[in-house]
Amino acid sequence: MSYNLLKGKKGIIFGALDEKSIAWNIALKAYEEGAVFTLSNTPLALRFGTVTELSEKCRAEIIPADATNVNELENVFLRSIEVMGGKIDFLLHSIGMSMNVRKSREYDDLDYNFYSKTMDISAMSFHKMIQVAKKLDAINDWGSIVALSYIAAQRTLYRYNDMADAKAMLESIARSFGYIYGREKNVRINTISQSPTRTTAGSGVKGIDALIDFTERMSPLGNATAQECADFCIVLFSDLSRKITMQNIFHDGGFSGMGMSLKAMTQYKKSLEDE
Ligand SMILES: NC(=O)c1ccc[n+]([C@@H]2O[C@H](COP(=O)([O-])OP(=O)(O)OC[C@H]3O[C@@H](n4cnc5c(N)ncnc54)[C@H](O)[C@@H]3O)[C@@H](O)[C@H]2O)c1
């Protein structure tokens, strides 16, 4: 059901790769809610993913860019303003990648070139995106910027590795830039801390199935799906959340508030009985 929450709004969505992507689900929902937007991802992702299908469904132009490259980001904003005929109202950063995770380098044996890339792609790109937007004055007053985070930014979760550091930085950028952009242009900046979700990036974390089972048992409302994340993100893009900024909001079925649940305890007890 559509509420027309984004009617008349223009946006840019970074990070849709295939139909499992959180950004893909957000794009579909934004389209359903009446928004117009452009899509961006790396040339490689555009070749191997299925973004053209999404672009046709949402009538959205694709503008290739590596989000670590400031010149390419500038082009995304300028071209978006040109094709949509005006400044933008919402911006989604749904980007993450760690070569240390991919290559199974443990946290006490990190490759530092990979570590720098993790931080650049998964966190600093958020700063670059916002700084470029602000310098170009590309975002309308009361615009909304959202990035996707994970609870490992604040609590240690086995195997999340250097991505935990990147997410901590991402959440900090939302606060630091949220103050400046809010003060000057009433633009709000938030992060959504989403449940573990089976996507290409999510599946890069070894043992994701066990983690998803654990968080499902621990969360009173169960894990949040990518579609549910999209629903919430639309609210953050809409005028219904104009005074929320500089926040990291858990969208995790209650997992972040739990210590132990009946369902998890029951499962844990079974493994003790097996011993
Ligand atoms: N899947 C999960 O369990 C989960 C949970 C919480 C948060 N998140 C976060 O959600 C966001 C989206 O991830 P997803 O799970 O939808 O996976 P995904 O693999 O579908 O999306 C990750 C995207 O990042 C893009 N990307 C990588 N390097 C890039 C670069 N240099 N420039 C531009 N784009 C680049 C990829 O092409 C891809 O589209 C990420 O920030 C991720 O950390 C995911």
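Predicted model: local features only at pLDDT ≥ 70, side-chain atom pairs only at ≥ 80, totals over all residues.

Q: Okay, how many helices and strands are in the chain?
A: The chain has 11 helices and six strands. Its radius of gyration is 19 Å, close to the 19 Å from the globule rule for 275 residues, so the chain is as compact as a globular protein of that length.

Q: And how much of it is buried?
A: 46% of the 275 residues count as buried.

Q: Switching to the ligand: which residues are closest?
A: Ser21, Gly96, Thr199, Ala201 and Gly202 are the closest, out of 26 residues that surround the ligand.

Q: Which element gives the largest share of that shell?
A: That's H8, with three residues. Helix H1 (22-32) and strand E4 (139-149) each supply at least two, as does helix H8 (200-203).

Q: New topic. Where is Ala65?
A: Ala65 sits in the loop between helix H3 (51-58) and helix H4 (70-84).

Q: Is Ala65 buried or exposed?
A: Ala65 is buried, because it has 25 other C-beta atoms within 10 Å and the cut-off for buried is 20 or more.

Q: What is Ala65 in contact with?
A: Leaving aside neighbours within four places in sequence, Ala65 is in contact with Ser40, Glu72, Leu73, Asn75 and Val76.

Methods: Residues numbered from 1 in each chain as written. Near = placed C-beta within 6 Å. Helix = DSSP H or I, 4+ residues; strand = E, 2+ residues; numbered from the N terminus. Rg over C-alpha atoms; globule rule 2.2 N^0.38 Å. Buried ≥ 20, exposed ≤ 12 C-beta atoms within 10 Å, placed from the backbone. Contact = placed C-beta atoms within 7 Å.
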